[in-house]
Amino acid sequence: MPEYAEWLGKLYKEQGRRKLSQSGVETLAIVAYKQPITKAEVEKIRGVNCDYVLKALLEKELLAITGRAESVGRPLLYGTTREFLKHFGLNDITDLPRPREIEEILGESQFETERRMLEAQAGAEQARKDQEDFKSRLPHIPKRNRNLTKKALKSFPTREHMK
């Protein structure tokens, strides 16, 4: 209905702004901590092409072009916007956690992750040992030798021999 079109458009636009992909979050983090930064520098850090992600973040107004670098070709420089601060509940870019704080937070969870991985690895090794132990207790059944099988079949009496 035409009378709802304007409001549905606003609602759709607002929902689109809220959703961020993993690559979008990674790119935003790089730009936030290294701004102003060129597309080439972002791609060097991420190791993949960032054309689509940067375009999407520009459309969502989370990033803005802040100028041009003084290097060859004068590439565009990217930085965060007020919308970025609003989206993440920050008053200023200096409110971002310091890299050391992030390492401390991740260090604790990484320790827990590594502990779980070691436990899983130990469990897998124990299961493999249990399986090998089970196989070692099975009676040894030699592989079938086809030549012996043919000779054995020839030595059995057939119906023709019984006549």
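Me: How many helices and strands are in the protein chain?
Reply: The protein chain has eight helices and three strands. Both are DSSP runs, numbered from the N terminus: helices are H or I with at least four residues, and strands are E with at least two.

Me: In what order do the elements run from the N terminus?
Reply: The order is α-α-β-α-α-β-β-α-α-α-α.

Me: Before we go on, what sort of model is this?
Reply: This is a predicted model, where local features need pLDDT of at least 70 and side-chain atom pairs count only at pLDDT 80 or more, while totals for chains, interfaces and linings use all residues. Residues are numbered from 1 along each chain as its sequence is written, and side-chain values use heavy atoms, with hydrogens and water left out.

Me: Thanks! What share of the residues counts as buried?
Reply: Of the 163 residues in the protein chain, 18% are buried. Buried means under 20% relative accessible area, exposed means over 50%, and partly exposed is in between (1.4 Å probe, protein chains only).

Me: Which residue does E26 pair with?
Reply: E26 meets R46 in a salt bridge, at 3.1 Å from N to O. This pair links distant parts of the chain, since E26 sits in helix α2 (residues 22-34) and R46 in helix α3 (residues 39-46), 20 residues apart.

Me: What about D51?
Reply: The side chain of D51 forms a salt bridge with K39, at 2.8 Å from N to O. D51 lies in helix α4 (residues 51-59) and K39 in helix α3, so the pair ties together parts that are twelve residues apart in sequence. D51 is partly exposed at 41% relative accessibility, and K39 is partly exposed at 27%.

Me: Is E70 buried or exposed?
Reply: E70 is exposed, with a relative accessible area of 71%. Its side chain meets that of R74 in a salt bridge (3.3 Å, N to O), and R74 is partly exposed at 38%.

Me: Last one: which residues are joined into one network?
Reply: K39, E43 and D51, through salt bridges that share partners.

Notes. A salt bridge is a side-chain nitrogen of Lys or Arg within 4 Å of a carboxyl oxygen of Asp or Glu.
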